[in-house]
Amino acid sequence: MTTFTPYSALFGGFLIGLAAAMLLFFNGRIAGVSGITSGAFPPWQRDGLWRLCFLAGLIIMPAIYQSTGAKIELHIQTSIPVLILAGLLVGYGTRLGNGCTSGHGVCGLSRLSVRSLAATLTFMATAALTVYLTRHVFGMGA
Amino acid sequence: MAKNIAALAAGLLFGLGLVISGMINPQKVLNFLNFAGAWDGSLALVMAGALLTLGTLQRFILRRPTPLLETKFYLPTSKIIDAPLLMGAMLFGLGWGLAGLCPGPAMAGLSFGLTENIVFVIAMLAGMWFFQVFHDKK
């Protein structure tokens with residue numbers, strides 16, 4: 001159970017947009033996390049360290065935030081076999097479709113890319129249908 | 001060097017956005033996707049905030065001939081809506097709906113070292129590797 005948090009959602013979204021704008025302004029790069037991740041590790045490493053630096057920032061920030069005493073809610077209730085299947089699908093699918101929530105959903109849509117709009121509508125609809133089927137038809141939790 | 005510092009700063013800010021918006025929590029994401037259940041619309045406002053901010057700033061950024069630290073902007077050039085795009089988006093959506101984790105929050109969540117999170121990220125990297133080996137090579 002989570003509650004609707006409009007103000008923190010808007011402010012968090014503002015920060016994500018600002019981060020993407022920064023990466024574009026300084027490095028000329030799209031802040032798509034699936035693309036950055038897939039290009040960050042050998043044997044596919046393409047162009048250096050900036051990808052690992054971006055990911056390092058992404059990974060250490062929650063720890064920094066929590067070290068100030070603030071609490072972060074993070075619950076994963078999915079079973080390990082389902083997580084493995086989901087991870088494989090997310091990894092393969094984001095490469096085949098060339099982007100994820102950040103690359104297509106934020107960066108692509110902000111450039112008014114029709115291709116990204118098609119991708120975003122497709123993955124949103126598929127994800128919502130998947131949640132509907134798993135939670136309401138096959139009854140894996142409410 | 002400056003490029004790497006800028007990327008680190010952007011990553012930190014991106015991570016802060018995921019934390020403050022609550023999107024780092026897969027439960028909150030799943031509840032957005034759960035239209036027939038206890039719906040939590042927060043994710044829509046995260047997207048709206050990000051789109052308004054980036055959309056506005058981008059207008060000024062892309063007026064420059066080059067980025068500050070690079071020789072060109074690396075923007076996607078493809079405009080076609082083809083089968084791989086839609087098929088990839090469907091596979092991604094299926095995985096996203098199963099676990100509530102997409103690449104950004106999955107990477108940021110590694111901060112806490114949860115076994116479930118680490119397993120997901122390893123599987124995700126394996127999925128990317130499968131694509132590279134079995135699909136991209138063709």
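Predicted model: local features only at pLDDT ≥ 70, side-chain atom pairs only at ≥ 80, totals over all residues.
## Chain B on its own

Let's start with the fold of chain B. It has 6 helices and 0 strands, and reading along the sequence gives the pattern α-α-α-α-α-α. Taken along the principal axes, its C-alpha atoms fill a box of roughly 45 × 40 × 30 Å.

Of the 138 residues in chain B, 52% are buried. If you look at contacts in chain B with a separation of 6 or more, 39% of them are between residues 24 or more positions apart.

Where they touch, 10 residues of domain 1 of chain B are in contact with 10 residues of domain 2 of chain B. On the domain 1 side, helix H1 (2–21) and helix H2 (26–33) of chain B each supply at least two residues. H2(B) gives the most to that side, with 5 residues. By class, the domain 1 side has 8 nonpolar and 2 polar residues, and no charged ones.

## Where the chains meet

Now for the contact between the chains: 101 residues of chain A are in contact with 106 residues of chain B. On the chain A side, at least two residues each come from helix H1 (6–27), helix H2 (33–38), helix H3 (50–67), helix H4 (80–96), helix H5 (101–110) and helix H6 (114–137) of chain A. H1(A) supplies the largest share of that side, 21 residues. Sorted by class, the chain A side divides into 65 nonpolar, 30 polar and 6 charged residues.

## A helix pair across the interface

Two packed helices are described by the angle between their axes and the distance between the axes. The contact of H4(A) with H6(B) brings together 19 nonpolar, 4 polar and 2 charged residues.

Ala86(A) sits in helix H4 of chain A. It has 28 C-beta neighbours inside 10 Å, so Ala86(A) counts as buried; the cut-off for that is 20 or more. Setting aside neighbours within four places in sequence, Ala86(A) is in contact with Thr78(A) and, from the other chain, Gly95(B), Leu98(B), Ala99(B), Leu101(B) and Phe120(B).

## The enclosed helix H5 of chain A

H5(A) is worth a look too. Because 9 of its 10 residues are buried, H5(A) is largely enclosed by the rest of the structure. The buried ones are Thr101(A), Ser102(A), Gly103(A), His104(A), Gly105(A), Val106(A), Cys107(A), Gly108(A) and Ser110(A).

What does the covering of these buried residues include? From chain A there are H1, H2 and H6, and from chain B there are helix H3 (42–61) and helix H5 (103–109). After H5(A) comes Leu112(A), whose phi is positive, near 60°.

Terms used:
Residues numbered from 1 in each chain as written. Chains lettered and ligands numbered in written order. Contact = placed C-beta atoms within 7 Å. Helix = DSSP H or I, 4+ residues; strand = E, 2+ residues; numbered from the N terminus. Nonpolar A, V, L, I, M, F, W, Y, C, P; charged D, E, K, R; others polar. Buried ≥ 20, exposed ≤ 12 C-beta atoms within 10 Å, placed from the backbone.
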